[in-house]
2 protein chains.
Amino acid sequence: MPFHQYFNGDIIDINSAVFKTNDLGLLRGYGLFDYFRTYNGVPFRWDDYWQRFENSARLLKLELPVSKGDTEKALADLHALSGEQEVAFRFVLTGGYAPDSVHVVQPNFLIRTEPLPQDNPAGRLKGIKVLPYEYVRDLPEVKTTNYVHMVLMADELKRQQAADLLFHKDGEVSELTRSNVFIFKGDKLVTSDRNILNGITRRVVMELAKPHFDVEVRPVSYKEVITADEAFTTSTTKWVMPVVQIGDVPVGNGLAGKRTLFLQELFEKLVADWGK
Amino acid sequence: MPFHQYFNGDIIDINSAVFKTNDLGLLRGYGLFDYFRTYNGVPFRWDDYWQRFENSARLLKLELPVSKGDTEKALADLHALSGEQEVAFRFVLTGGYAPDSVHVVQPNFLIRTEPLPQDNPAGRLKGIKVLPYEYVRDLPEVKTTNYVHMVLMADELKRQQAADLLFHKDGEVSELTRSNVFIFKGDKLVTSDRNILNGITRRVVMELAKPHFDVEVRPVSYKEVITADEAFTTSTTKWVMPVVQIGDVPVGNGLAGKRTLFLQELFEKLVADWGK
């Protein structure tokens, strides 16, 4: 069944052209988004994602044109129309149509229904290679639509058989292009609290880790990451993904770490039971 | 007569919704633009603007889907349809529709016809106030669509009766949100060559200034700007606009400088005769 999208109150086919060309998201990159999915047909950690979306909107001074309840109704309708058990939802909020191409008048709010990202169980056990990249996201606590470096480097990543970029600046690591970073030093689990997007999966993994490990949340140096025993990255689509190589340097022994795989199992169990 | 727009080969009404929602410009901020206008019905410095547009596209690794000749044809058609003597054109090139929301497949190319920006002859003689803002544009040599800080600060500018932001970082001034910066120290005219967009108006003004002043193109410190005798900013819409106040600090005596107004006159004469 074709997927649908919600745009400013209407539900329409996902392939419809809906944006006029004086939208500030398009002309000025003035937009934010969020992305989440269902497990067992139930949106995962919906309250957290909604709260983050509200927070991004507030930081970009965009008034949400919908309530949480309206949005839940739209999600249920989109989900039903998809005919699928599991779907992903992408929210996009832009500055809206601007006669002067500068000032926000009325934001545009879009919800896209998307097929689930391809799961990659092999990659999840084997881990990924990332390339170090000197950059720090602008307004990192806002999930803006600015992913220029990710798109720009997509071909280079492929060429180097790497899955993502590891952002670092002034000796400090922040995040990957769309996911958070954790490292293990022995039984100590460390993740950054600076220049990052507050990932929901990051939060869940910290909750899962606390009974088992000593969790430190603080700035993380690049040197710590490349000398870590284990490293992994977390996101809605990556879950708990081992990072086994940074540029030419293997992390630890170059294989997915046992503590990382333990957390991965806890996460997989959590989502397998979600909503039940 | 209603303005029109060109989108991937078709000319349609300016108010048509044309963008599908998986465009990388919208979802990932992966887009660039350019903007120019006619004088006496003739596009100003078209070769320069086209060259800059090509350069931006190359730096973002986007293949132009049109030739210069095709584009000239589209501009002529759009101009004729407008029924106006003078128009402004906005090019927008995005990463196009991306099934995976990451990889470029085929860029989308839009040309919007827009009414001329409001001329402000009073402002041009009186000058503007700008607010210092610690920031440097990402990929400054590319005219990307990323103007998040400009839109974010629009209300604050209004509140402080300022016209624009002056970007500076680590003691060095780069540019305003959409225009270049020049200063006069006596008869010496200085403009930055680092972390800037290479403005076409900037280039024209340097050409006009050379017979009359000693022109230096080099990094410019924030301190130099606030202690300058005169300052001004240049852009397609601002021409040669005096900057008379930076935050609470007047530039020089706080009035539009005589050398600045001299260059402004030269520029006005040039465009008054353009195409004749």
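Reader: Before we start, how are the residues numbered and the chains lettered?
Author: Residues are numbered from 1 along each chain as its sequence is written, while chains are lettered from A and ligands numbered from 1 in the order in which they are written. Because the model is predicted, local features need pLDDT of at least 70, side-chain atom pairs count only at pLDDT 80 or more, and totals for chains, interfaces and linings use all residues, with side-chain values resting on heavy atoms and leaving out hydrogens and water.

Reader: OK, what is the secondary structure of chain A?
Author: Chain A has nine helices and 17 strands, where helices (H or I, at least four residues) and strands (E, at least two) are DSSP runs numbered from the N terminus.

Reader: And which domains does chain A get?
Author: The assignment, which is automatic or from a database, gives domain 1 (4–114) and domain 2 (121–272) in chain A. In the contact between them, meaning heavy atoms within 4.5 Å, 20 residues come from domain 1 of chain A and 22 residues from domain 2 of chain A. The centres of these two domains, taken over C-alpha atoms, lie 27 Å apart.

Reader: How much of chain A is buried?
Author: Buried residues account for 58% of its 276 residues, and buried here means under 20% relative accessible area, with exposed over 50% and partly exposed in between (1.4 Å probe, protein chains only).

Reader: Switching to chain B, how many residues of helix H7 are buried?
Author: Eight of the 10 residues of H7 (residues 200–209) in chain B are buried, so this helix is largely enclosed by the rest of the structure. Among them are B:Ile200, B:Arg202, B:Val205 and B:Leu208.

Reader: Where does B:Ile196 sit, then?
Author: B:Ile196 is placed in the loop between strand E12 (188–191) and H7 of chain B.

Reader: Is B:Ile196 buried or exposed?
Author: B:Ile196 counts as buried, because its relative accessibility is 5%.

Reader: What does B:Ile196 touch?
Author: Not counting residues up to four places away in sequence, B:Ile196 touches residues including B:Arg137, B:Pro140, B:Ser174 and B:Asn180, and another one of its contacts is B:Arg202, which is itself among the buried residues of H7 in chain B.

Reader: And how far apart are B:Ile196 and B:Gly275?
Author: B:Ile196 and B:Gly275 are 79 residues apart in sequence, and in space they are 29 Å apart, C-alpha to C-alpha.
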